[in-house]
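Please view the sequence and the structure together before reading on.

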Amino acid sequence: MFKQLIAVISMSLQTLPQRIGASSVIVIGIAGVVAVLVSVLAMGAGFRHTLADSGRADRVIILRGGSDAELNSNLTRTDIATIGNAAGLRKDSTGKALLSSELVTVVNVPKIDTGTDANVTLRGVGLKLVEVRPELTLVSGRMFRPAVRELIAGAGAAKQFRGLVPGAVLNLRNADWTVTGIFTSNGDVHESELLADVDTVGSAIERNGYSSAIGLLGSAADFPAFRDALTTDPAIKVDVEREPDYYAAQSKQLSKTINVVGNTVAVIMAIGAMFGALNSMYSAVAARGLEIATLRAIGFGALPVLLSVMIEALLLSLLGGIIGASLAWLFFNGHSVSTLGGAFAQVVFQLTVTRALIVTGIIWACTIGVLGGFFPALRAARLPVAEALRAA
């Protein structure tokens, strides 16, 4: 049977050029399904990657108790002083805690591609910014000055929104702000933001308080003790989280939505591609009717014939899957986009076509090929020899 199978498959592949039109329908249809599936899921992968890179295990974020995001949190100056005195925070050379009191608000900045206003996060940060976030690096211009309406823009935001170049003046909240520099921070979510002095931001939006406090611990192992010290203190009501945990929670809902949409679209397209594969393989079986009948007449079994048709469908689907995944990687991997993320304003991130997504796309392609090739293969195996010879 194995020798028969090899012989039938070889004959099937040799006649493929004669059926190039029908075969192309399978390859192109499945390539389209895989390209769409992988490119849509690459949005979720890129978004999760951006937020995952925003955290360090030894860095914590403190919010008001019961708040699920910085935009709806409020800490008083007394709260900040209590947090700064908690054991476990890393100290600078003068013995002061490495803690950045931060204030988050949303401002309108026009997008480069459409010119329409979009919500962008303006984050007021404390004087310990660079020490608390050592990954932040200025790539052009200079740092903003305290007590002056100056800001620095993330590299991701500068690619998506207008006027974010050193020396430009933005009108934000009815006040002019000067952009003094562009920064990177390892591709994390903060590259979608504008950073300025926290007290200046508070004055501009008439708010006497903070959204959060970002602290650097002595080590990741100090987190339980630091958290317990604050959450059990009756004088303050706060929630303490590791940064990676906080940003993972923020990305969860949008990532889930993207995955649901991507899989739904792919299923709809896959059904169409599967019917296309069915029609094409039925046509291939009809075109090979005489060949199949002759093989059966000289002693070839039904199983090698069935497997040869299914393997042909599987190989064509595999080719389509590889082409579709390659197109998704070529045109979408690394492409910058922005979207609203949970309680965030616009978050700029890059589509990320991972190996796992490529494998997922190819598995989808092979599944479509198997389902689309089974019934035509069954028909070929059951084709009566005499009837096929008379029809030929």
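The text below goes from the whole chain to its cores, salt bridges, surface and backbone.

This is a predicted model, in which local features need pLDDT of at least 70 and side-chain atom pairs count only at pLDDT 80 or more, while totals for chains, interfaces and linings use all residues. Residues are numbered from 1 along each chain as its sequence is written, and side-chain values use heavy atoms, with hydrogens and water left out.

The secondary structure of the chain comes to 12 helices and 12 strands; these are DSSP runs numbered from the N terminus, with helices (H or I) of at least four residues and strands (E) of at least two. Of the 392 residues, 49% are buried, where buried means under 20% relative accessible area, exposed over 50% and partly exposed in between (1.4 Å probe, protein chains only). Contact means heavy atoms within 4.5 Å. Among contacts between residues at least 6 apart in sequence, 78% join residues at least 24 apart. The accessible surface is about 17,600 Å², and 61% of this area belongs to carbon and sulfur atoms; areas come from the Shrake-Rupley method with a 1.4 Å probe, and for residues only the protein chains shown count as cover.

A nonpolar core is a set of buried Ala, Val, Leu, Ile, Met, Phe, Trp, Tyr and Cys residues joined through side-chain atoms within 4.5 Å. The largest one has 41 residues, of which Ile62, Ile83, Leu194 and Phe226 touch the most other members. Leaving out residues up to four places away in sequence, Leu194 has contacts that include Val107, Val109, Leu122, Leu151 and Leu172. A second, separate core of 36 residues includes Ala42, Val132, Ala328 and Ala365.

A salt bridge is a side-chain nitrogen of Lys or Arg within 4 Å of a carboxyl oxygen of Asp or Glu. The whole structure has 14 salt bridges, and the table lists some of them.

| Salt bridge | Closest N and O atoms |
|---|---|
| Lys128 and Asp92 | 2.2 Å |
| Glu131 and Lys128 | 3.7 Å |
| Asp228 and Arg227 | 3.4 Å |

The bridge between Lys128 and Asp92 links distant parts of the chain: Lys128 is in the loop between strand E3 (117–125) and H4, and Asp92 is in the loop between helix H3 (77–84) and strand E2 (99–110), 36 residues apart. Lys128 counts as buried at 17% relative accessibility, as does Asp92 at 13%. Glu131 is partly exposed at 37%.

Asp228, which bridges to Arg227, is partly exposed at 36%. Salt bridges that share partners also join Glu70, Glu102, Arg123, Arg133 and Glu193 into one network. Arg133 sits in the loop between helix H4 (129–132) and strand E4 (137–141) and is buried at 4% relative accessibility.

Ile323 lies in helix H10 (residues 302–332) and is partly exposed at 34%.

Arg173 is not a glycine but has a positive phi of about 55°. Arg173 lies in the loop between strand E6 (169–172) and strand E7 (175–184).
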